Amino acid sequence: MGWYKRAPRYEKIVAADSTDDLSQHGALPPPQRSRGTILSHLNQLFLVLNIVLASALIWTIHHLDSPNYLLKKVNTYTPLLSRFDFSFQQVKNNASLFNAPYSIYKADPSPAVDAAWDDIADTPVLAISESDVLKIGKDPNYAVRIPQSFGYGPDKFFAVNDGQHLIHCLNEIRKFAHYDYYYREKYGSEEDLPEMVAAHRGHCFEHGDLGVDGRAGGAVAGLRDGEEVSGSWGVL
């Protein structure tokens, strides 16, 4: 009687349309992600988050220290804060009663004093857009347009910096305080001023007053006994 080996029996694999079907029938093992791949993705995500947070921190620090950023928080709208970089400077006011220490701006009229005042009281003309006119609360229909021949493009309007305008008005008030020096020869008695000159004077008085009222801060000025005149007080 002879010995023979029985042929092994194989199970027929069911036809599959996808690797998922093959996995279900034991033909392919289910795919697995390695632990190293997951950690790599997490590290990349962590790096991106760090870059975003560092950029936001740098932006915040820069803007919190930016004079323009701070000025925009406490000022009404002005296009100048988007055009120029401003800086802060600590200044000690000279509010002494007499001109000591000496300041040329407190001195009596002279060509040198006039030159000093003219240097700081200049009001250069600026070009602003119609949108700027509306944002500062003005009506473009009454604003003065800049001719296109000036080269600033369409829909541009004349404007001046109001801070410089206030210094200009202060200079005019100073001149009226020295009327004999500046105007008597030209206009005669102050009661006989031409209408426009008198109107300009009144405008500067009012604009100066509004400027001080609107910009006065919380700083205080101390008083000291007068050294030059007995019984007088001066501002520190």
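## Rings that pair up

There are eight aromatic pairs here, counting rings of Phe, Tyr and Trp (its six-membered ring) whose centres lie within 6.5 Å; planes under 30 degrees apart count as stacked, over 60 as edge-to-face and the rest as tilted. One of the pairs joins Phe-176 and Tyr-179, which are stacked, with 6.4 Å from centre to centre and 25° between the planes. Phe-176 is buried, with a relative accessible area of 9%, and Tyr-179 is buried at 5%. Here buried means under 20% relative accessible area, exposed over 50%, and partly exposed in between (1.4 Å probe, protein chains only).

Tyr-181 and Tyr-182 also pair, this time edge-to-face, at 4.8 Å centre to centre and with 75° between the planes. Tyr-181 is partly exposed at 45%, whereas Tyr-182 counts as buried at 18%.

Before going on, a word about the model. It is predicted: local features need pLDDT of at least 70 and side-chain atom pairs count only at pLDDT 80 or more, while totals for chains, interfaces and linings use all residues. Residues are numbered from 1 along each chain as its sequence is written, and side-chain values use heavy atoms, leaving out hydrogens and water.

## A cluster and a core

Which residues do ring pairs link into a cluster? They are Phe-176, Tyr-179, Tyr-181, Tyr-182, Tyr-183 and Tyr-187. Arg-201 lies over the face of Phe-176, 5.6 Å from the ring centre; for this, NZ of Lys or CZ of Arg must be within 6 Å of the ring centre and within 35 degrees of the ring normal.

The largest nonpolar core has seven residues: Phe-176, Tyr-179, Tyr-182, Tyr-183, Tyr-187, Leu-193 and Val-197. Such a core is a set of buried Ala, Val, Leu, Ile, Met, Phe, Trp, Tyr and Cys residues joined through side-chain atoms within 4.5 Å. Leaving aside neighbours within four places in sequence, Tyr-179 is in contact (heavy atoms within 4.5 Å) with residues including Arg-184, Tyr-187 and Leu-193.

Asn-171 sits in helix H7, residues 162-177. Helices (H or I, at least four residues) and strands (E, at least two) are DSSP runs, numbered from the N terminus. Asn-171 is buried, with a relative accessible area of 3%, and beyond four places in sequence it touches Trp-117, Asp-118 and Ala-121.

Strand E1 (residues 125-129) pairs with E2 in the antiparallel sense over five bridges; to pair, two strands need at least two bridges found by DSSP. Leu-126 has Ala-159 in E2 as its bridge partner. Strand E2 (residues 156-160) has Phe-157 and Ala-159 on its covered face, with Lys-156, Phe-158 and Val-160 on the uncovered one. In a regular strand the side chains alternate between the two faces of the sheet.

Most residues other than glycine have a negative phi, and most peptide bonds are trans. The bond from Ala-100 to Pro-101, however, is cis, with omega near 5°. Pro-101 is in the loop between helix H4 (80-83) and helix H5 (111-120). Asp-155 has a positive phi, near 55°, and lies in the loop between helix H6 (130-135) and E2.

## The whole chain

The protein chain has 10 helices and four strands. Of its 236 residues, buried ones make up 19%.
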